[in-house]
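Have a look around before reading on.

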Amino acid sequence: MIGIGLMMLAFATIAPARAALDIGDTVPKFNLPAALAGKTFTYSLANALTKGPVVVYFFPAAFSTGCSIEAHAFAEAIEQFAALGATVIGISTDDLDTLSRFSSQSCQGKFPVASDETRAISKSFDALMQTRPEYANRISYVIAPNGSVAYYYQSLNPFKHVEKMLAAVKDLPQNRDRK
């Protein structure tokens, strides 16, 4: 009996967490300090949504191997997102100085990254790691222009996020005829 209980507890701790924001939910609008190509500014989700869908992706730590791989992949695909009318913003709990360097190097100056040092935005998107809440989890959202979640994908593996987000943006009603 104890063995079964321990096994159930083990499965509960490794099962993927469900995103607090489900498809169709309205996302919290935010303004965060951000950097693009090393230059700092205040990023506004509400302003970005007036231009089209936004891919909001959370990542654990700038310059870590997985986060650098993911940022590079988003940078390489940024023109595909732009062709579909979408923009991309990366968010982590790193400080702005670190993200300023990361935006130039790993992001290749192609999209902004924002600092959520207070973790308030990461928490509102349920994007904090359960075991290490000082870090954002690796979760990506496609936000429709009306401010609702169109799609989300959560995996610590950095290799599928761009592919999944690009497919979700292509599947938005305004892009279905572009396929």
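Predicted model: local features only at pLDDT ≥ 70, side-chain atom pairs only at ≥ 80, totals over all residues.

Residues are numbered from 1 along each chain as its sequence is written, and side-chain values use heavy atoms, with hydrogens and water left out.

Let's start with helix α3, which covers residues 65–83. Helices here are DSSP runs of H or I with at least four residues, strands are runs of E with at least two, and both are numbered from the N terminus. With 19 residues, α3 reaches 28 Å from its first C-alpha to its last, close to the 27 Å expected at 1.5 Å a residue. That expected span is 1.5 Å times one less than the number of residues. The helix isn't straight, though: α3 bends by about 50 degrees at alanine 77, taking the bend as the angle between axes fitted to the seven residues ending there and the seven starting there. After α3 comes glycine 85, with a positive phi near 80 degrees.

Several α3 residues are buried, including Cys67, Phe74, Ala77 and Phe81; buried means under 20% relative accessible area with a 1.4 Å probe, protein chains only. The elements that cover them include those in this table.

| Element covering α3 | Residues |
|---|---|
| β3 | 54–58 |
| β4 | 87–92 |
| β6 | 139–143 |
| α6 | 161–170 |

Helix α4 is part of that cover too.

Serine 68 sits in α3. Its side chain makes a polar contact of 3.4 Å with the side chain of serine 106; such a contact is a pair of N or O atoms within 3.5 Å, one able to donate a hydrogen and the other to accept it.

Over in α4 (residues 96–104) you'll find leucine 99. Why does leucine 99 count as buried? Because its relative accessibility is 0%. Leaving out residues up to four places away in sequence, leucine 99 touches Ala35, Phe59, Ala62, Ser92, Asp94, Val113, Ala114 and Ser115, where contact means heavy atoms within 4.5 Å.

Last stop: the second largest pocket has a volume of about 170 Å³. β2 (39–44), α2 (45–49) and β4 each supply at least two residues of its lining, and β2 gives the most, with 4 residues. Lining residues have an atom within 4 Å of a pocket point on a 1 Å grid, and a pocket is an open set with protein on both sides within 12 Å along at least five of seven lines.

Key: Buried < 20%, exposed > 50% of the residue type's maximum accessible area, 1.4 Å probe, protein only. 1 Å grid on protein atoms, 1.4 Å probe; cavity = no way out; pocket = protein on both sides within 12 Å on 5 of 7 lines; lining within 4 Å. Points joined across faces, edges and corners; volume = space filled by probe spheres on them.
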